Amino acid sequence: MACLSPSQLQKFQEDGFLVLEGFLSADECVTMQERIGKIVAKMDVPLHCRTVFPPGLEGQFQGQGSTEYFLSSGDKIRFFFEKDVFDTEGNFLVPPEKSINKIGHALHALDPVFKSVTYSPKIQQPHFGGEVTPHQDATYLYTEPLGRLLGVWIALEDASLENGCLWFIPGSHTSGVSRRMVLDPASSATGTSFLGSDPAWENSLFVPTPVQRGALILLHGQVVHKSEQNLSDRSRHAYTFHLMEASGTIWSPENWLQPTAELPFPPLYT
């Protein structure tokens, strides 16, 4: 990635995303999946903290316990779940390993396997300053100036049209950020609120981006993207984190994710 060709760089600047096939080997992907299996096997989430993870946080929290569980997860490894995997008392309706939507948000810093990938020399970036509804990453991870956030999405398994590959609106990263999620302690339900609103993006604008295991997709923080529901009998595991250009960039103090004494932000963060 540190050696993107001029044509690759131009493609990213025009579209707001770029696919790099074969970034990780199949063996590297399997190692990461096996590590996640071990982490999930030891998972112990209190009943009152079991919460689903849609990209829009409205409605995801069931009470103050789950709100705190999410908002304080920036320097911890915590578990967030798919919809409809619990009964009314919070007990699993499906095998726990099939219930996970996301593990976050300090996997990159606290687990040696994922840390080695995140801080690999292959990731360095000298050239760049269940269904997931359409969104922009900068809605949740806002910087000043804009354009300093870069998402890294690595396919640990093949991602196809059937099992939920990413879809993008090419060029949408040039239109700013339509909505921001900010800390709002007065909101007793979630501790956050939204400023602005997303437009009704036309489905016809989205382009599917199926990739093979080991592919890496770079995402501009403002590019609009989504994934459809996985309708197949195959999983679609992926590892994702974000980079921020450290020089001259201000991380918004209103972002839900903030540095802590235990985990101050390095230039790379999840």
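This report describes a predicted protein model, from its confidence and cores to one helix and several single residues.

Residues are numbered from 1 along each chain as its sequence is written. Because the model is predicted, local features need pLDDT of at least 70 and side-chain atom pairs count only at pLDDT 80 or more, while totals for chains, interfaces and linings use all residues; side-chain values use heavy atoms, with hydrogens and water left out.

**Confidence**

The mean pLDDT (the predictor's confidence in each residue, from 0 to 100) is 87 for the protein, and 90% of its residues reach 70 or more. Over residues 55-64, pLDDT stays under 50. For that stretch the model has 26 contacts (heavy atoms within 4.5 Å) beyond four places in sequence.

**Nonpolar cores**

A nonpolar core is a set of buried Ala, Val, Leu, Ile, Met, Phe, Trp, Tyr and Cys residues joined through side-chain atoms within 4.5 Å. Buried means under 20% relative accessible area, exposed over 50%, and partly exposed in between, for a 1.4 Å probe and protein chains only. The largest such core has 43 residues, and those with the most contacts inside it are F79, F81, V152, I154, L216, L218 and Y239. This core lies between domain 1 (1-24 + 133-258) and domain 2 (25-53 + 62-121), because both give residues to it. The domain bounds come from an automatic or database domain assignment. A second, separate core has 16 residues, including A155, F206, I217 and V223.

**Helix α2**

Helices (H or I, at least four residues) and strands (E, at least two) are DSSP runs, numbered from the N terminus. Helix α2 covers residues 26-41, which is 16 residues. From its first C-alpha to its last, α2 reaches 23 Å, close to the 22 Å expected at 1.5 Å a residue; the expected span is 1.5 Å times one less than the number of residues.

The buried residues of α2 are C29, M32, Q33, I39 and V40. They lie on the same side of α2, because they cover an arc of only 115° around the axis, taken from the directions from the helix axis to the C-beta atoms. An α-helix has 3.6 residues a turn, so residues three or four places apart point the same way. The buried residues of α2 pack against several elements, among them β2 (77-81), β3 (100-105) and β13 (238-244). On the face turned away from the buried side, α2 carries the exposed residues D27, K38 and A41.

**Single residues**

D44 lies in the loop between α2 and α3 (64-71), and D44 counts as exposed at 70% relative accessibility. D84 is in the loop between β2 and β3. Although D84 is not a glycine, its phi is positive, about 60°. D84 is exposed, with a relative accessible area of 72%.

P134 is in strand β4 (residues 132-135) and is partly exposed, with a relative accessible area of 28%. Not counting residues up to four places away in sequence, P134 touches D198, W201, F206, V224, H225 and K226.

| Pair | Apart in sequence | C-alpha to C-alpha |
|---|---|---|
| D44 and R78 | 34 residues | 9.3 Å |
| P134 and F168 | 34 residues | 8.7 Å |

**Cis peptide bonds**

The peptide bond from G104 to H105 is cis, with omega near 5°, and H105 lies in strand β3. The bond from E144 to P145 is also cis, with omega near -5°. P145 is found in the loop between β5 (143-144) and β6.
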